[in-house]
Each structure stands twice: as structure tokens, then as C-alpha cells.
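Biologist: Hi, could you walk me through this one? I'd like to start with a helix and then look at the pockets.

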Amino acid sequence: MNEMTPVTDIATNAAPEKAKPALPDAQTVTEVKHWTDKLFSFKVTRPASLRFRSGEFVMIGLMNDPDPKTGKVKPLLRAYSIASPSWDEEMEFYSIKVEDGPLTSRLQHIQPGDEIILRPKPVGTLVHDALLPGKRIWFFATGTGFAPFASLLREPQTYEDYDEVIITHTCRTAGELTYGRELIESLKEDELLNEVIGEGFWKKIKYYPTTTREESPKMGRITDLMRSGEAFAELGVPPLNPESDRAMICGNLAFNLELKDLFENTYGLEEGANSKPAHFVVEKAFLD
Ligand code: A2P
């Protein structure tokens, strides 16, 4: 018998009964980590047939409480960027906890063994296919907008396509940076990635974390730090230009719009899409 042989119950010679999932498109939670009182990440099993591109998102959620009138239950779903890379056998997500948020007020209490709903239809614009070839890739995130970059930072193509990978992360407090910082640190010790992508691949990464409402080594919004030139000076790179730089943006709406404006009107970059690759792409970090 090899790994692919279906297991049968010797006593009855019948296939053992599978535990019936209680939810449609159910996946099982395998790990939950709480980073701050407002942030957590979790892993779930991956549907066997699900293929996605690093940087894409899927709809996930839980069943709503029964409608008091009809007794019917409906799924409550939200778009979540997949934080794990396309090759991973599990799927990871990074989420805020909103006290009165319809989904996250409940989702934050999930435990290993619980089930969530995961609709296996990945989509999104933060994919390598939507960008023209370049020398340097920039990832710009605020808050949980780090999630798609957690995927792309573990994606071999990121390092095959670019000489330099710059990730900026702006958060209100220092604690909100921890998930991203630990993930980037972990790449150094990741034996599999160092073997597959090449020993020391992580040296291509320049990490630029900033906070806006709590003291940290670097304070300020990344947009302001770019306008003043401080960010470029500290990173040791010239301002973005269409010949060498490509960028992906994932943050709150105001951040996305401000960066888009800066890219188009100051740096001369053009927005791309899956159907028409160009210099930068944008995705909203989805909030509850
Ligand atoms: P700030 O504290 O100055 O508003 P939020 O939690 O509101 O989504 O914000 C996450 C981070 O994004 C915060 O550090 C916030 O800074 C920053 N931010 C919000 N809007 C912008 C913007 N238009 N440009 C740059 N950073 C922004």
C-alpha cells in the first residue's frame, strides 16, 4: 500500500465514514495566533483542488445565526487576502478583530478543530502577472494590508523576477508591526525557501516599518516619508520610476488613493491589471 491507496476499514472492508462537514465549503482551523488585542492570524486546511496565485484573495466566513423569522441560516462572508504562498499545503489569513464587526467579532474566537467557510474562488490584482518586468518591486501596506505580501514574500517568483524587494508597512502602533516583522525574520531560517529560491534570497528584501501613533525607531506615514525624500535616502534607492520600479499597494482606502496619486502624478507610473500589465497595482485591505 502506498500513500495514494485509499484506506479501507479492514473489519467491514468499507471506506471509513468521513466526518461530515457541518458547513458548505468547510475547512478546518489548524492554528490560531493572537498578535495584539486587535489582530490575529490563523491557518486552515486547503481544499485539495484549490489553486491560487500568491497575492490573491478568497471569501471566507462563518454561518450567520438563524433568521429569527424564517429560521434560515445564511453564510456571512468577507474577502480575505491569502497570507500563505501558493505552494503551501495550508492556508493562512491575517485579520483584525472588530468588537462589533459582524464577522470578526465571532471569527476571533475560532480554535483549532473548528470549521470556517472558504469559497474556493481566488481572485485579485496583487499578482505578478499584472506587472511588467522590472528591477525592483515595492510592497506598500498599512495594517492588515500586509497579508498579501506575507504570501508574495514567500513566493519564489518574487525573487526570480526582481533584484530588490522593498516592503513598507505603516501601522498606528509598534505591536501591529510584529506579525510582519516576525514573518520577514523567519525567512532567514526557512531552510526550504533558502534551498528552493537560493541561499540568502532574503538579502534582496529591504524592510521599512513605520508607526504613526506610538514611538518606534521610524515614525510617520510612508507617503509623507516619500514626499520628503527621507524614505528613499534611508533605503538607499532613488525615487520610483517607470523603467525600474514596480509596486503593489494594499492598505486603507485613503492610503491607496494617496499612493496612486503620488505614483501617477509624481513618479509617472501607470496602473496595471491582469488583462493589461503595467507598473503598479492596488487592492483595498478589507475591513469588517
Ligand atoms: P495615521 O495614524 O496617521 O492615520 P488605519 O488603522 O486607520 O487603517 O491606519 C493604518 C495606518 O495607515 C496608520 O498608521 C495610519 O496613519 C496610516 N494611514 C492612514 N491613512 C493614510 C494615508 N492617506 N497615507 C498614508 N498613511 C495613512
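**Helix and pockets**

Modeller: Happy to! Helix α8 covers residues 253–267, which is 15 residues, and spans 20 Å from its first C-alpha to its last, close to the 21 Å expected at 1.5 Å a residue. Keep in mind that this is a predicted model.

Biologist: Which residues of α8 are buried?

Modeller: The buried residues are Phe255, Asn256, Leu259, Leu262, Phe263 and Tyr267. Looking down the axis of α8, these buried residues fall within an arc of 130 degrees, so they line one face of the helix.

Biologist: Why would residues a few places apart point the same way?

Modeller: An α-helix has 3.6 residues a turn, so residues three or four places apart point the same way.

Biologist: And what is exposed on the other side of α8?

Modeller: There you find Leu253, Ala254, Leu257 and Asn265, which are exposed.

Biologist: What follows α8?

Modeller: Gly268 does, and its phi is positive, near 70 degrees.

Biologist: OK, switching to pockets. What volume does the largest pocket have?

Modeller: About 740 Å³. Its lining is made up of 27 residues, and Thr142, Gly143, Arg172, Glu176 and Asn252 are the ones nearest the centre.

Biologist: Which element gives the most to the lining of the largest pocket?

Modeller: Our helix again: α8 gives the most, with three residues. At least two residues of that lining come from each of β8 (164–171), α6 and α8.

Biologist: How is the lining of the largest pocket split by class?

Modeller: Nine residues are nonpolar, 10 are polar and eight are charged.

Biologist: Now the second largest pocket. What is its volume, and which residues lie nearest its centre?

Modeller: The volume is about 340 Å³. There are 18 lining residues, with Lys33, Lys43, Glu92, Arg154 and Leu183 nearest the centre.

Biologist: Which elements each supply at least two residues of that lining?

Modeller: The strands β1 (26–36), β2 (39–45) and β5 (90–96), along with helix α4 (178–189). Of the contributors, α4 gives the most, with four residues.

Biologist: And how many nonpolar, polar and charged residues does the lining of the second largest pocket have?

Modeller: Six nonpolar, two polar and 10 charged.

Biologist: Great, thanks for the tour!

Note on methods: Residues numbered from 1 in each chain as written. Predicted model: local features only at pLDDT ≥ 70, side-chain atom pairs only at ≥ 80, totals over all residues. Heavy atoms only, no water. Expected span 1.5 Å × (residues − 1). Buried < 20%, exposed > 50% of the residue type's maximum accessible area, 1.4 Å probe, protein only. Arc of directions from axis to C-beta. 1 Å grid on protein atoms, 1.4 Å probe; cavity = no way out; pocket = protein on both sides within 12 Å on 5 of 7 lines; lining within 4 Å. Points joined across faces, edges and corners; volume = space filled by probe spheres on them. Nonpolar A, V, L, I, M, F, W, Y, C, P; charged D, E, K, R; others polar.
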